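Let's take a friendly walk around a ligand and the residues beside it. Have the sequence and the 3D view ready.

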Amino acid sequence: MSVKPTIIPIASGKGGVGKSFISANLAGALAEAGHETIIVDLDLGGTNLYGFLGLQNRHAGIGDFLKARSAELDQLMVPTSIPRLSYIAGDGRTPFMANIAYAQKIRLISKLRQLPAEYVLLDLSAGSSLNTIDFFRMSSLGLMVTVPEYPAIMNLLTFLRLTLMRIIERIFRKNEEIRLLLAESYKRPLLELPAGISDLKAAIAAIDPSAEGMIDRLCTYFRPRLIFNKGEYPDEMRIYRQIDDGLKSVLSIQADYFGFVFRDPMVRRSVNSHQPYLLEFPDSQTSKAIRKIAERVITYWRTPVEGSARLIMEQATREFQGK
Ligand SMILES: Nc1ncnc2c1ncn2[C@@H]1O[C@H](COP(=O)(O)OP(=O)(O)OP(=O)(O)O)[C@@H](O)[C@H]1O
Ligand SMILES: [Mg+2]
């Protein structure tokens, strides 16, 4: 296939919010909708994606790719019970791969971009490790999963702040003075001023005036897509206002909202019965919400949608009332 895939890295500030569950089932919904899709377990050191796909933890994967310098990534693709969905395992067979050398990471990233599919979803580790951030910044339109709770939102903002700083660090990597300035800023807590991107921009622009326009452009095209998971009531989504305020005032960026997924106790049952949730409970509210996210990904992944949070909250409310 000559056309490059749409890469969708999936991260979260906080652990256990449902990245792997959403990754597996969103990938399944994209495949069900007719699109060749690959889901890659990049949670090195914490692999569990196979469970959400109803597979065993026995396949050669990213760990083997990193060890055997010559292996090709597409040879690691494993078919799943969902037609058009393939899976690439993490490092379940080869532990201790969580610390990858930078050159290895670059090689892996370049091969991921060449995988033969329309969509390549990357299930990442929780939190702000350098690996996770480097995989997340493979696209300026990464997906973030969060639960609608204040501490998770704070972690989400911290993750995005560190990602932006890492992108800026790579852009200006040859400038020693800027590198030192960034090393200092990394250590600052989110709410301690001046920790915002606009302050950072001013400080960097004082060293290199070209930084101003460059960072402005970065903040325009860097546009995370957000999903709320484990929702109980649609009005929990009101927390989006705090997210939008934080993104704007601290990070000078905007986000689009892609879905509100209900908590369903049956999720655990599907893992234990070795079936993808989407196949076992195709008509549940949770499955419907995930299919809606797939539709949105297919129709407007690259398009900013004004007022997307409100639209999704209204839709979740309608679904909730029709329960
Ligand atoms: N919508 C949901 N309803 C009910 N349970 C859910 C839902 N989404 C996820 N879970 C459950 O929450 C737990 C964490 O999910 P998952 O492993 O996908 O999170 P994660 O963000 O990938 O975690 P980690 O940070 O460890 O990688 C699992 O037990 C999973 O079955
Ligand atoms: Mg996970």
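Rings of Phe, Tyr and Trp (its six-membered ring) pair if their centres lie within 6.5 Å, and planes under 30 degrees apart count as stacked, over 60 as edge-to-face and the rest as tilted. The structure holds eleven aromatic pairs. One of them joins Phe21 and Phe52 edge-to-face, with 6.0 Å centre to centre and 65° between the planes. Phe21 belongs to helix α1 and Phe52 to helix α2 (residues 49–52), so this pair links distant parts of the chain, 31 residues apart.

A word on the model: it is predicted, local features need pLDDT of at least 70, side-chain atom pairs count only at pLDDT 80 or more, and totals for chains, interfaces and linings use all residues. Residues are numbered from 1 along each chain as its sequence is written, chains are lettered from A and ligands numbered from 1 in the order in which they are written, and side-chain values use heavy atoms, with hydrogens and water left out.

Which residues are closest to ligand 1? Of the 17 that surround ligand 1 (a heavy atom within 4 Å), they are Lys19, Ser20, Phe21, Lys230 and Asp264. Helix α1 gives the most to this shell, with three residues.

Here are some polar contacts, meaning pairs of N or O atoms within 3.5 Å:

| Residue atom | Ligand 1 atom | Distance |
|---|---|---|
| Gly16, backbone N or O | oxygen | 3.0 Å |
| Asp43, side-chain N or O | oxygen | 3.3 Å |
| Asn229, side-chain N or O | nitrogen | 2.9 Å |

Terms used: Polar contact = N/O pair within 3.5 Å; in protein donor to acceptor, adjacent residues only side chain to side chain. Helix = DSSP H or I, 4+ residues; strand = E, 2+ residues; numbered from the N terminus.
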